[in-house]
Amino acid sequence: MISQAVGRGNGYAWIKRDANYNPTVLKPVQNPDSVTITETSAGEVFYTIAEIGFPNAPIPATDILHFKSLAWQSPYKGLSPIQAHRERFGIIMAADKSAATTYKTGTKKFLIKSDQNISPNQQLNLKESIENVVNDSAVSAVMPAGASVETISLSIADAQYIENANLGVQEVGRILGI
């Protein structure tokens, strides 16, 4: 029961009682996923166990031993640490993927302003020139007279990618106990 609680979030056993309500048998539940917990409008809690050898009727909470881990989402059911870590890893991986995309395409976007009219052909050449510099295929860009470049997006520091990466490393360390 404890290994199920630690590994899967919940460990259960039915306390079978005699006519005098004395415990006679402690019957562990083999599969924690076979248990459904319900609460009545009066606040009574019942467990229904869909396994052979258990009553078909709901069992009152007073006749169930329930060990749970990570019970912050529900007072009635524990969350599997593996499931919780899987969700956390998913968040970390999504943040890493987003950061990788940002580093690949660049965190900065630019606006080119000019006092003078820039022809469509000049616009295309100017755009290509700026993109070559941003993508490291050139070290300089050619700008027409009177043109200026403005940044219109966040820097890496402003987007807090480094802090998010450090939080991911800390979370992995916490999960692995190091």
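# Briefing: a buried aspartate and its surroundings

With a relative accessibility of 11%, Asp63 counts as buried. The model described here is a predicted one. Its protein chain contains five helices and eight strands, and 25% of the 178 residues count as buried.

**Overall architecture**

- Read from the N terminus, the elements of the protein chain follow the order α-β-β-β-β-β-β-α-β-α-β-α-α.
- Among contacts in the protein chain with a separation of 6 or more, 52% are between residues 24 or more positions apart.
- The protein chain has an accessible surface of about 12100 Å², and carbon and sulfur atoms account for 57% of that surface.

**The largest nonpolar core**

- In soluble globular proteins, nonpolar side chains tend to be buried together.
- The largest nonpolar core here comprises 11 residues: Tyr12, Trp14, Val29, Val35, Ile37, Val45, Tyr47, Ile49, Phe54, Ile59 and Ile64.
- Two or more residues of this core come from each of strand 1 (10-17), strand 3 (35-39) and strand 4 (45-49).
- Strand 4 makes the greatest contribution to this core, with three residues.
- Ile49 is a member of this core; leaving aside residues up to four places away in sequence, Ile49 touches Val29, Ser34, Val35, Phe54, Pro55, Ile59 and Ile64.

**The open sheet**

- Strands of a sheet pair through backbone hydrogen bonds, either parallel or antiparallel.
- An open sheet is formed by three strands in the order 3-4-5, with antiparallel pairing.
- Strand 3 and strand 5 are the edge strands, since each of them pairs on one side only.
- Strand 4 and strand 5 run antiparallel and are joined by two bridges.
- Phe46 has Pro60, in strand 5, as its bridge partner.

**Salt bridge between Arg17 and Asp63**

- The structure holds three salt bridges, one of them between Arg17 and Asp63, whose closest N and O atoms are 2.6 Å apart.
- This pair links distant parts of the chain, with Arg17 in strand 1 and Asp63 in the loop between strand 5 and strand 6, 46 residues apart.
- Asp63 itself is placed in the loop between strand 5 (59-60) and strand 6 (64-68).
- The side chains of Asp63 and Arg17 also make a polar contact, at 2.6 Å.
- The two partners fall into separate accessibility classes: Arg17 counts as partly exposed at 24% relative accessibility, whereas Asp63 counts as buried because its 11% lies under the 20% cut-off.
- Beyond residues up to four places away in sequence, Asp63 touches Ala13, Trp14, Ile15, Arg17 and Tyr21; of these, Trp14 is one of the residues of the largest nonpolar core.

**Salt bridge between Arg8 and Asp33**

- Asp33 and Arg8 form a salt bridge in which the closest N and O atoms are 2.6 Å apart.
- Asp33 lies in the loop between strand 2 (23-28) and strand 3, and Arg8 lies in helix 1 (residues 2-8), so the pair ties together parts that are 25 residues apart in sequence.
- Asp33 is exposed, its relative accessible area being 60%, while Arg8 counts as partly exposed at 37% relative accessibility.

**Salt bridge between Lys127 and Glu131**

- The side chains of Lys127 and Glu131 meet in a salt bridge, with an N to O distance of 3.9 Å.
- Glu131 and Lys127 are four residues apart in helix 3 (residues 120-134), so about one helical turn separates them.
- Glu131 is partly exposed, with a relative accessible area of 39%, and Lys127 likewise counts as partly exposed, at 48% relative accessibility.

**Backbone geometry at Tyr21**

- Most residues other than glycine have a negative phi.
- Tyr21 has a positive phi of about 70° although it is not a glycine.
- Tyr21 is placed in the loop between strand 1 and strand 2.
- With a relative accessible area of 44%, Tyr21 is partly exposed.
- Tyr21 is also among the residues that Asp63 touches.

Notes. Residues are numbered from 1 along each chain as its sequence is written. This is a predicted model: local features need pLDDT of at least 70, side-chain atom pairs count only at pLDDT 80 or more; totals for chains, interfaces and linings use all residues. Side-chain values use heavy atoms; hydrogens and water are left out. A nonpolar core is a set of buried Ala, Val, Leu, Ile, Met, Phe, Trp, Tyr and Cys residues joined through side-chain atoms within 4.5 Å. Buried means under 20% relative accessible area, exposed over 50%, partly exposed in between (1.4 Å probe, protein chains only). Contact means heavy atoms within 4.5 Å. A polar contact is a pair of N or O atoms within 3.5 Å; within protein, one must be able to donate a hydrogen and the other to accept it, and residues adjacent in sequence count only if both atoms are side-chain atoms. Two strands pair if DSSP finds at least two bridges between them. A salt bridge is a side-chain nitrogen of Lys or Arg within 4 Å of a carboxyl oxygen of Asp or Glu. Accessible areas come from the Shrake-Rupley method with a 1.4 Å probe; for residues, only the protein chains shown count as cover.
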